[in-house]
Amino acid sequence: MTQLALVIDLNVCVGCHACVTSCKEWNTSGWAGPMTDQRPYDADPTGVFFNRVQTYEAGVFPNTETYHFPKSCLHCEDPPCVPVCPTGASYKREDNGVVLVDYDKCIGCKYCSWACPYGVREFDEQQKVMKKCTLCIDRITDMSLPESERKPACVLACPTRARIYGDIHDPDSEVSVAIREQGGYALQPEWGTEPSNHYLPRRKTRIQIHEDELVRVDNPLKKEALPTLPAAGETLDDVAW
Amino acid sequence: MQDPTSRSDSDQGRVEVKETTCYMCACRCGIRVTLRDGEIRHIEGNPDHPLNKGAICAKGSSGIMKQYSPARLTKPLLRKQGAERGSSEFEEISWERAFELIEGRLSKIRAEDPKKFALFTGRDQMQALTGMFAKQFGTPNYAAHGGFCSVNMAAGMIYTIGGSFWEFGGPDLDRAKLFIMIGTAEDHHSNPLKIALADFKRRGGRFISINPIRTGYSAIADEWVPIKPGTDGALIMAITHELIKQGLYDRDFLIKYTNSAELVVDDPSRDDHGLFRRFEMHIEEGCFDPENKLWWDIDLDREISTHTPGVDPRLMGAFKLEDGTPVKPAFQLLKDRVEEYTPEWAAHITGIPADTIRRLAHEMGVVARDQKIELPIQWTDTWGNDHDSVIGNPVAFHAMRGLAAHSNGFQSIRALSILMTLLGTIDRPGGFRHKAPFPRPIPPCPKPPNSPEAVQPNTPLDGMPLGWPSKPDDLFVDEDGEAVRLDKAFSWEYPLSVHGLMHNVITNAWRGDPYKIDTLLLFMANMAWNSSMNTENVRKMLTDKDEDGEYKIPFLIVADAFQSETVAFADLVLPDTTYLERHDAMSMLDRPISEFDGPVDSVRIPVVPPRGDCKPFQEVLIELGSRLGLPAFVKEDGSRKFRDYPDFVVNYETSPGSGIGFLAGWRGKGGEKFLKGDPNPRQWEMYKENGCFYHYELPKSYQYMRNWNRGYLEWARAHSMIRYAEPITIHLYSEVLQRFRLAAQGKWPGRIPPQRLRKRVEENFDPLPFYSAPLEHKLVDTHTYPLNALTQRPMAMYHSWDSQNAWLRQIHTHNYLFVNPRTAEASGFGDGDWIWIESPINKVRCMARFSEAVEPGTVWTWNAIGKAAGSWGLSPKANESQKGFLLNHVISEELPPCEAGDHMSNSDPVTGQAAWFDVRVRIYPAEAGEPEVTSPQFKPQKRVPGQDPKRGKWQAFVAGAFRKKAKIQE
């Protein structure tokens with residue numbers, strides 16, 4: 001069975017929010033839209049975003065790391081939001097593993113958002129239904145799009161290409177290889193939800209310079225050796241026997 | 001719901017796809033805009049575009065919200081009779097009335113004294129037209145925003161290596177192995193840099209970030225080196241000290257391609273002290289740095305012409321020429337200079353441990369030397385030597401405002417350019433690479449006018465409004481050596497102010513120093529808010545009146561697409577279009593979007609019609625140019641020459657028959673030529689068919705070593721990009737600067753600076769970089785004001801001008817002052833508390849947020865989130881004005897009175913670059929009971945006629961159905 005997912009490379013994510021608004025612009029006019037905004041031009045604006053970037057600091061100055069952490073529905077293999085839904089609005093597709101909500105069936109009870117340990121469900125306060133990341137289901141399954149564009153909007157937008165998309169059940173897919181070879185990990189595996197989305201950790205490149213590498217035989221300073229001074233007066237050669 | 005897999009978005013409504021160029025920031029990515037029933041459905045990156053390769057940023061995708069923003073201006077507006085300026089009381093008028101008003105006013109000014117009209121524009125990239133309009137009008141009072149952005153970067157690098165970061169060059173991360181970014185630099189070239197940086201890291205490159213703050217790209221750096229603001233020059237020179245001490249410099253590169261081995265007269269008693277010893281030869285017109293200098297031959301132990309085949313010259317030593325003149329190679333002078341700049345000395349200033357400084361130097365030097373790249377590309381240098389390969393030393397750098405926005409920035413950036421040169425990285429793989437039309441001669445040929453006579457009634461300006469002085473005689477000063485320009489650019493106060501000093505225009509015009517003006521036209525420049533320093537007082541100046549009741553700045557015209565804070569102060573408002581509604585040219589005559597491999601320019605083509613009565617500012621200038629009879633805009637009989645801006649772009653030539661116009665692609669009658677050729681009536685169509693850009697890829701052998709690459713230089717001359725094909729020798733030692741210093745010492749045969757400025761010019765026009773604390777740090781009490789205060793932009797707002805955007809404002813609704821917890825503890829407040837930040841000129845109340853990602857001597861905030869109440873189509877209660885704040889209120893546009901004058905700009909004394917990042921502050925908790933709102937507050941700005949009605953509580957954007965629902969007028 002296919003399980004579509006995102007692998008997000010925290011080693012290169014600079015927290016630019018390109019994924020956040022490209023998601024919003026695609027989906028607000030798409031199958032899963034609208035993505036409603038409340039008080040858009042007033043105090044305390046708030047609205048539906050399927051994908052958000054959180055920024056954290058770790059460590060104490062000067063040993064500080066700054067992390068940008070994009071978060072959206074992880075499309076769990078065993079999604080706790082599905083069985084709690086009293087109307088069957090929350091469901092996991094059998095053909096590709098994407099977790100979706102049918103707004104026509106949703107009664108806005110929010111059980112799913114209580115059940116989700118990752119806080120990625122988004123309640124539309126105007127329509128009173130639950131919304132969430134669809135992996136751009138209306139792009140990835142639209143056969144009228146060229147294959148190169150049958151990807152989630154966030155993946156296409158990401159300037160650092162930190163978002164990889166594919167089938168994690170196919171061991172040869174780009175996502176599976178990335179998880180396997182670059183230490184891909186799932187969030188909070190202890191919940192047993194088996195999140196499909198994975199994250200790749202920070203990697204540090206260091207340079208080791210040995211002391212004997214500093215000075216080399218072709219050191220250009222040698223070219224600048226001062227001209228030899230002409231001998232003046234006696235030398236040992238003149239006086240020693 | 002319908003099964004999502006059984007529908008296609010392309011079946012929803014009437015779908016059209018159009019290509020154009022983004023302008024949500026200054027990056028100018030290629031975009032594809034999908035429309036549904038005439039409304040914007042989706043904006044995505046154009047995958048075929050060389051700049052962004054399909055990527056799009058947070059702003060780019062939010063362009064929809066810009067297009068349908070309630071801050072849009074849609075009607076020309078005139079301040080109501082009897083209404084006070086600043087009260088935002090306007091009446092709608094017709095364009096005809098607006099043009100009549102401007103025409104009447106400007107034709108009178110032009111006939112009497114053209115410099116009483118000043119045109120300043122907030123954004124660059126339209127300067128080919130705006131600068132040309134100013135020149136044609138005859139006023140020298142023109143510039144774009146470079147003076148308060150990053151002119152130090154442009155000037156410091158162009159006066160050293162003949163190119164600079166961003167549009168004109170950048171780090172070659174495709175092949176670099178070590179990348180060092182110094183200071184905040186993310187705003188510029190942001191998408192391409194994100195793409196390149198991520199690929200670089202994936203390939204295992206090492207990325208070091210030197211910055212007081214760890215945000216932005218610094219977050220993913222392999223190492224963060226916190227540094228005290230304004231001390232970058234000290235760090236760079238200590239690294240230089242260590243590189244020279246260890247012999248970790250590229251000797252061969254220095255000798256062949258820089259003036260390192262060239263002999264400088266070394267006798268302080270002589271008038272030519274510090275100049276290169278030159279011999280007589282034929283010199284091409286305008287060539288500043290001809291090849292008539294000397295080396296010291298190691299073998300013969302005597303002087304010899306530079307570049308004599310087979311000669312190995314000395315870089316170090318002191319010699320006497322045959323005629324007895326004492327000389328030293330330029331490199332020896334650099335070595336002497338950095339002798340005292342030890343890592344221990346710099347550690348104290350920068351806060352970086354000496355061992356770290358040494359290690360940084362070793363990493364740079366060893367990677368450059370031991371990880372060389374050799375590409376099998378044959379090329380020939382200007383001296384006729386054939387090379388079988390191109391060598392690269394893979395250490396790359398990037399820097400922008402972090403270095404630039406200090407009063408010592410020019411010399412710090414000279415130091416950085418020299419460091420890059422010592423490592424042998426200029427226009428080589430893995431190092432710094434140029435982008436067309438750079439490299440250009442050092443300095444480039446265009447010059448500003450050099451006497452008040454250049455300004456004459458009813459006559460175009462004699463010279464370029466902006467140019468590149470190479471000697472005191474190029475300055476734009478009067479008989480007393482004082483400024484002719486309103487902003488005092490190109491005067492002895494700021495001799496190399498190549499981008500002007502927009503940040504002093506309002507203060508100078510208000511004070512009438514050097515003179516009063518009549519009309520100030522501001523385009524896309526928010527000078528009553530985030531584009532001014534000392535903002536609260538600048539707002540007062542805009543409404544201040546003479547004794548006779550007239551405004552001190554008599555007439556203010558504001559052209560903008562949005563209801564900015566500045567609009568409130570206008571006498572006349574001209575509604576501009578958005579980038580999706582107009583034609584534009586990102587011209588080779590201005591700042592194109594060239595790639596390392598060759599010239600690229602691009603256009604915008606409207607994807608939707610303009611809203612209301614909006615008119616592109618370019619059309620306004622074409623109309624005014626025609627009405628005023630400016631020579632370039634009218635035929636010989638005085639009748640209008642160009643139908644509109646697209647017609648102008650196709651048919652305008654820099655001079656009749658020159659073959660050079662605004663666009664480089666598809667020139668010639670049938671589009672068969674590029675860069676130079678006859679106007680092509682189908683040029684716009686050809687750009688449209690090609691994704692709105694033109695990209696010429698140079699042959700591989702012309703892509704590197706372009707300063708000295710004969711093939712490239714001759715190609716560039718043949719295509720009219722440069723005036724002559726002489727080698728562009730790197731100015732490790734700057735003779736240009738020495739000429740100004742000699743003038744200050746009374747040793748220059750031409751102009752000399754006024755007495756009050758002698759010491760300032762002598763000190764700062766040092767031909768070798770030096771470190772000196774920022775001016776403000778020397779003039780204010782740093783014990784009372786112990787902290788540095790900085791601003792950066794968050795990525796969702798890099799280089800953009802609309803945080804009123806409904807989506808982006810949900811990401812950053814207000815800003816905090818970020819403070820290291822140790823600093824906050826010493827000041828007695830906690831995380832989230834209301835505090836005051838105070839400088840010698842003003843204070844701001846704001847909220848504090850603790851951060852471990854900032855060095856303890858620095859506090860900082862995100863810039864341009866804070867707004868004045870009621871502006872930008874926002875409710876007066878919006879977080880941006882109630883919790884958000886503008887740091888600019890505490891940053892002075894002028895220095896405290898000093899020897900150089902009572903009203904010197906708070907700027908770099910060489911370039912006039914606004915020293916935003918020099919500000920010193922103290923912080924303390926707000927009193928209990930103070931209102932929990934930022935201060936200062938301003939009376940809420942009123943909406944203007946033509947703005948959309950107030951939007952409701954809900955917004956559910958669905959393309960095709962939105963405008964009707966939100967009652968947005970067409």
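Predicted model: local features only at pLDDT ≥ 70, side-chain atom pairs only at ≥ 80, totals over all residues.
The contact between the chains draws on 70 residues of chain A and 78 residues of chain B. On the chain A side, several helices and strands each supply at least two residues. The helices are α1 (18–28), α3 (137–140), α4 (153–157) and α6 (211–214) of chain A. The strands are β2 (37–38), β3 (46–47) and β5 (65–72) of chain A. The largest share of this side comes from α1(A), with eight residues. By class, the side of chain A that touches chain B holds 30 nonpolar, 23 polar and 17 charged residues.

Strand pairing also links the two chains. β2(A) pairs with strand β35 (residues 954–955) of chain B. The pairing is antiparallel and spans two bridges. Within it, Gln38(A) has Trp954(B) of β35(B) as its bridge partner.

In chain A, three strands form an open sheet in the order β10-β1-β11. The pairing in this sheet is mixed. β10 (163–167) and β11 (198–200) of chain A are the edge strands. Each has a single partner strand, so one side of each is left without a neighbour in the sheet. From one strand to the next, the twist averages 25°. Strand β1 (residues 4–9) of chain A runs parallel to β11(A), and three bridges join this pair. Val7(A) lies opposite His198(A) of β11(A). Helix α5 (residues 174–181) of chain A packs on the sheet and touches β1, β10 and β11 of chain A. The direction of α5(A) makes about 115° with that of β10(A).

Chain B is divided into five parts. Domain 1 covers 4–70 and domain 2 covers 77–144 + 455–578. Domain 3 takes in 169–434 + 734–764. Domain 4 comprises 581–610 + 618–699, and domain 5 comprises 780–925. The C-alpha centres of domain 1 and domain 2 of chain B are 35 Å apart. Their contact involves four residues from domain 1 of chain B and four residues from domain 2 of chain B. The domain 1 side of this contact consists of one nonpolar, two polar and one charged residues.

An open sheet of three strands in chain B has the order β1-β2-β3 and antiparallel pairing. Neighbouring strands are turned by 25° against each other on average, direction ignored. Strand β2 (residues 30–36) of chain B is joined to β3(B) by six bridges in the antiparallel sense. The bridge partner of Thr34(B) in β3(B) is His42(B).

A further element of chain B is strand β10 (residues 206–210). Five of the five residues of β10(B) are buried, so the strand is largely enclosed by the rest of the structure. Arg206(B), Ile208(B) and Ile210(B) point one way from the strand. Phe207(B) and Ser209(B) point the other way. β10(B) runs parallel to strand β9 (residues 178–182) of chain B, with five bridges between them. In this pair, Ile182(B) stands opposite Ile210(B). The chain passes from β9(B) to β10(B) through helix α6 (residues 190–202) of chain B, and this β-α-β crossover is right-handed. β10(B) also pairs in the parallel sense with strand β11 (residues 223–225) of chain B, over three bridges. Ser209(B) has Trp224(B) of β11(B) as its bridge partner.

Burial also marks helix α4 (residues 127–137) of chain B. Eleven of the eleven residues of α4(B) are buried, so the helix is largely enclosed by the rest of the structure. Among these buried residues are Lys135(B), Gln127(B), Gln136(B), Phe133(B) and Phe137(B). Just after α4(B), Gly138(B) adopts a positive phi of about 105°.

How values were computed. Residues numbered from 1 in each chain as written. Chains lettered and ligands numbered in written order. Contact = placed C-beta atoms within 7 Å. Helix = DSSP H or I, 4+ residues; strand = E, 2+ residues; numbered from the N terminus. Nonpolar A, V, L, I, M, F, W, Y, C, P; charged D, E, K, R; others polar. Pairing = 2+ DSSP bridges. Domains from an automatic or database assignment. Axes fitted to C-alpha atoms, helices over the stretch in contact; angles between N-to-C directions. Buried ≥ 20, exposed ≤ 12 C-beta atoms within 10 Å, placed from the backbone. Right-handed = clockwise from strand over helix to strand, strands pointing away.
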